[in-house]
Amino acid sequence: MDRAEPLRQDYHFVTRWRMAAPLPEVWERVYRVERWPGWWKGLRSVVELQAGDAQGIGSVRRFTWQGFLPFRMVIDVRTVRVEPFAAIEGVASG
């Protein structure tokens, strides 16, 4: 019996946030992902699985989300690009 290849779909999500606050304050909140569960409703935990370089590039973090439905979503995100005060880019799996 042949085993079917697992279905793979690629998704690209771009999130843009607009906040009425000084840029350094916003960057500090966005860049410090380990603090996100303190202000992002539904995000239960962020666990570092692998450290990255001084900017965080190469780091891997596990994000656990819990919404209104009775299940959790767990994704691992590898940081691949950091442009201070402009962008953070990651590749997710899970």
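The questions and answers below treat the sheet, the core, selected residues and the salt bridges.

Mentor: This is a predicted model, in which local features need pLDDT of at least 70, side-chain atom pairs count only at pLDDT 80 or more, and totals for chains, interfaces and linings use all residues. Residues are numbered from 1 along each chain as its sequence is written, and side-chain values use heavy atoms, with hydrogens and water left out.

Trainee: In what order do the four strands form the open sheet?

Mentor: Strands (E, at least two residues) and helices (H or I, at least four) are DSSP runs, numbered from the N terminus. Two strands pair if DSSP finds at least two bridges between them. The pairing here is antiparallel, and the order is E1-E2-E3-E4.

Trainee: Why is one side of E1 and of E4 left without a neighbour in the sheet?

Mentor: E1 and strand E4 (87–93) stand at the edges of the sheet. One side of each has no neighbour there because each has a single partner strand.

Trainee: What is the average twist from one strand to the next?

Mentor: Angles run from 0 to 180 degrees between N-to-C directions, along axes that are lines fitted to C-alpha atoms, for helices over the stretch in contact. From one strand to the next, the average twist is 30 degrees.

Trainee: Which strands does helix H1 touch?

Mentor: Contact means heavy atoms within 4.5 Å. Helix H1 (residues 23–31) packs on the sheet, and its direction makes about 15 degrees with that of E4. The strands touched by H1 are E3 and E4.

Trainee: How many bridges join E2 to E3?

Mentor: E2 and E3 run antiparallel. Glutamine 66 stands opposite arginine 72 in E3. The number of bridges joining E2 to E3 is seven.

Trainee: Which residues make up the largest nonpolar core?

Mentor: A nonpolar core is a set of buried Ala, Val, Leu, Ile, Met, Phe, Trp, Tyr and Cys residues joined through side-chain atoms within 4.5 Å. In soluble globular proteins, nonpolar side chains tend to be buried together. The largest core in this model has seven residues: Val33, Trp36, Leu43, Val46, Phe63, Trp65 and Val77. At least two residues of this core come from each of two strands, E1 (43–50) and E2 (60–66).

Trainee: Is aspartate 76 buried or exposed?

Mentor: Buried means under 20% relative accessible area, exposed over 50%, and partly exposed in between (1.4 Å probe, protein chains only). Aspartate 76 is found in strand E3 (residues 72–83). Because its relative accessible area is 19%, aspartate 76 is buried.

Trainee: Which side chain is joined to that of aspartate 76 by a polar contact?

Mentor: A polar contact is a pair of N or O atoms within 3.5 Å; within protein, one must be able to donate a hydrogen and the other to accept it, and residues adjacent in sequence count only if both atoms are side-chain atoms. Not counting residues up to four places away in sequence, aspartate 76 touches several residues, including Leu49, Val60 and Arg62. The polar contact of 2.7 Å is with the side chain of arginine 62.

Trainee: What distance separates the C-alpha atoms of threonine 79 and isoleucine 57?

Mentor: Threonine 79 lies in strand E3 and is buried, with a relative accessible area of 11%. Isoleucine 57 is 22 residues away along the chain, yet the C-alpha atoms are separated by 5.0 Å.

Trainee: Why does serine 45 count as partly exposed?

Mentor: Serine 45 has its place in strand E1. Leaving aside neighbours within four places in sequence, serine 45 is in contact with Pro37, Arg62, Phe63 and Thr64. Serine 45 counts as partly exposed because its relative accessible area is 25%.

Trainee: Which residues are linked in a network of salt bridges?

Mentor: A salt bridge is a side-chain nitrogen of Lys or Arg within 4 Å of a carboxyl oxygen of Asp or Glu, and the count comes to six. Glutamate 28 meets arginine 32 at 3.2 Å, N to O, and arginine 35 at 3.6 Å. The network therefore links, by this definition, Glu28, Arg32 and Arg35.

Trainee: With which residue does glutamate 89 form a salt bridge?

Mentor: Glutamate 89 is partly exposed, at 35% relative accessible area. The closest N and O atoms are 2.7 Å apart, and the partner is arginine 81.
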